[in-house]
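Morning, everyone. Please bring the model up on your screens, and we will walk through it together.

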Amino acid sequence: MHKSVIPLITAVMFFFTGLFILNMQLWFSAGYAISAGAVRAAKSIDGILEEARTATQEVRGIADKKCTSEAQYQLGTEAALEPHLRTILIVKHDKIWCSSLPGNRLLLANLAELPDTMLALVQARYSLNGLPVLLYQTPLKDAKIIVTISDSHIRDALNTSLKNTHFLLVVHGRAIGLTGAVKDYSISDEKYGFVQSNNYPFRIVYNHPAFFSLQRLFDQGAGVLLFILLISCAVAYALRKYFNKYTTPEDTLRSAINNGEIVPFYQPIVNGRTGTLRGVEVLARWKHPTAGFISPSSFIPIAEKSGLIIPLTQSLMAQVIVNMNAIASKLPEGFHLGINFSATHINSPAFLDDCMKYRDSFQFRDLTHVIEVTEREPLNVDEQLITKLNILHDSGFAIALDDFGTGYSGLSYLNDLQIDYIKIDQSFVGRVNENAESTILLDCVIDLASRLSLSIVAEGVETLAQVEYLNRHNITFLQGYYFYKPVSFTELVKILLSRPREKVVIE
């Protein structure tokens with residue numbers, strides 16, 4: 001995995017791990033809070049029912065006497081003294097016998113249909129005032145004491161400040177919640193929990209919290225969430241610094257290619273006699289963000305050894321297309337545009353397609369595209385390679401042998417491949433001086449090229465003596481610091497604008 005991705009993935013994993021732990025903690029806390037809230041609600045209902053039980057004990061003796069005004073007063077007093085009770089009734093033979101309400105009035109209908117259980121939830125339609133009630137019933141020998149509890153007190157006990165939480169009072173298959181509606185209820189869903197009263201036959205049912213809730217995370221864990229995010233960023237930064245400190249040259253170069261730091265420079269090729277511009281050779285420069293421009297001799301060997309030379313060259317080709325299309329109207333007809341290809345790239349399956357797409361991407365069609373075959377690596381010359389280069393040659397590409405005489409099997413390439421140009425390396429041109437013996441090797445190379453009908457480009461021309469020697473030997477294309485150094489695209493535009501457009505003709 002690429003080292004630049006590891007810090008990001010680690011930071012993301014760290015963040016989500018922290019998020020998971022935080023969510024688990026908040027989930028457990030929410031579950032505990034809801035459960036504790038249900039226990040409090042159950043205790044509140046227990047307290048209300050305890051009031052009903054106490055009041056029932058106080059009025060039991062009335063059932064054995066007559067329902068006098070004094071008895072009604074006692075019933076009313078007991079109901080009034082307990083804050084959560086509505087009425088106290090004594091029922092005999094399914095009819096009201098004595099009531100805490102004046103005139104023995106009754107708020108319940110159909111007494112005969114009431115269940116005989118200790119607790120009962122009565123729907124609003126069975127209440128004369130249209131409100132549901134909770135009944136606490138105590139059977140006696142010939143009577144039954146009924147204590148009614150208002151739904152408002154029940155709803156107060158069930159009310160909670162916890163978000164997204166709802167409590168229900170469930171009594172013998174019927175339930176009441178904050179809405180006040182009494183409905184049939186059966187527990188069959190695992191997402192609900194309950195607290196069973198130890199004293200009375202009821203339970204408080206509650207919903208379990210959602211396992212994951214963004215609202216809960218932001219409401220209760222925003223600070224911790226921000227802290228986890230900051231720690232994750234710090235981890236990513238520390239890992240990136242660590243990997244950058246111990247990164248390999250290949251990784252550094254790969255990052256530079258991906259970041260667009262390898263940029264094309266252009267060294268003009270001129271007519272040695274007239275000084276007119278005939279083309280350019282594309283050269284790679286590393287535009288390092290801190291070290292400035294780095295010479296290709298520092299990174300091209302690394303690229304060739306690591307296999308990065310292919311993506312490096314592809315990146316250069318893409319940038320050259322953009323540059324040349326921007327100045328298509330300024331380029332002379334036949335303008336030479338040379339770019340170096342390593343043996344690794346030439347032997348790769350993508351080479352032919354890369355070259356064809358490269359050529360077809362130019363707006364200006366009258367360019368002479370030159371494939372410069374470098375000799376730094378051995379080229380595996382076989383039928384497949386010869387076919388590739390022949391296809392390119394037939395498609396209008398010129399083939400040049402770069403740095404001739406300094407690398408692998410240059411002479412064998414001349415015999416096996418269709419070579420249009422040989423580029424004489426600076427090591428030969430640089431020997432030229434006033435001493436006649438200084439040109440012996442160069443004379444041989446020039447004579448060889450002449451016999452093979454090959455054009456020559458002389459590289460590394462730096463002195464007037466070298467220019468005059470090459471002109472005497474009819475070497476048309478010259479390249480070197482005597483004329484131009486490799487320049488950026490901006491400087492190349494200035495050079496093109498300073499010179500008239502002239503058709504390039506091979507002489």
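First, some terms: two strands pair if DSSP finds at least two bridges between them. Helices (H or I, at least four residues) and strands (E, at least two) are DSSP runs, numbered from the N terminus. What you see is a predicted model, where local features need pLDDT of at least 70, side-chain atom pairs count only at pLDDT 80 or more, and totals for chains, interfaces and linings use all residues. Residues are numbered from 1 along each chain as its sequence is written, and side-chain values use heavy atoms, with hydrogens and water left out.

Let's start with a sheet. It is open, has five strands, and runs in the order E8-E7-E6-E10-E9 with antiparallel pairing. Its edges are strand E8 (182–184) and strand E9 (192–196), each pairing on one side only. On average, neighbouring strands here are turned by 30° against each other, direction ignored. For angles, axes are lines fitted to C-alpha atoms, for helices over the stretch in contact; angles run from 0 to 180 degrees between N-to-C directions.

Now look at E9 and strand E10 (residues 203–207). They run antiparallel, joined by five bridges. One partner to find: Gly193 is bridged to Tyr206 in E10.

Which helices pack on this sheet? Helix H1 (residues 6–59) does, touching strand E6 (167–171), E9 and E10. Contact means heavy atoms within 4.5 Å. The direction of H1 makes about 155° with that of E10. Helix H3 (residues 151–158) packs there too, touching E6, strand E7 (174–176) and E10. The H3 direction makes about 130° with that of E6.

We use a 1 Å grid over the protein atoms alone: a cavity is a set of points where a 1.4 Å probe fits but cannot get out, while a pocket is an open set with protein on both sides within 12 Å along at least five of seven lines; lining residues have an atom within 4 Å of a point. Grid points are joined across faces, edges and corners, and a volume is the space filled by probe spheres set on the points.

How many cavities of 30 Å³ or more are there? Two. Strand E14 (336–341), strand E15 (368–373) and strand E17 (421–424) each supply at least two lining residues. The second largest cavity holds about 40 Å³. Helix H10 (residues 383–394) gives the largest share of that lining, three residues.

On to the largest pocket, with about 820 Å³ of space. It is lined by 34 residues; Glu281, Leu283, Arg285, Pro296 and Arg376 lie nearest its centre. Among the elements giving two or more residues are helix H6 (300–306) and helix H7 (309–326). E12 gives the most, five residues.

Asp94 has phi near 60°, a positive value in a residue other than glycine. Asp94 sits in the loop between strand E1 (85–92) and strand E2 (95–99). Asp94 is partly exposed, at 47% relative accessibility. The cut-offs: buried is under 20% relative accessible area, exposed over 50%, partly exposed in between (1.4 Å probe, protein chains only). Ser453 also has a positive phi, near 60°. Look for Ser453 in the loop between helix H13 (440–451) and strand E18 (455–458). With a relative accessible area of 66%, Ser453 is exposed.
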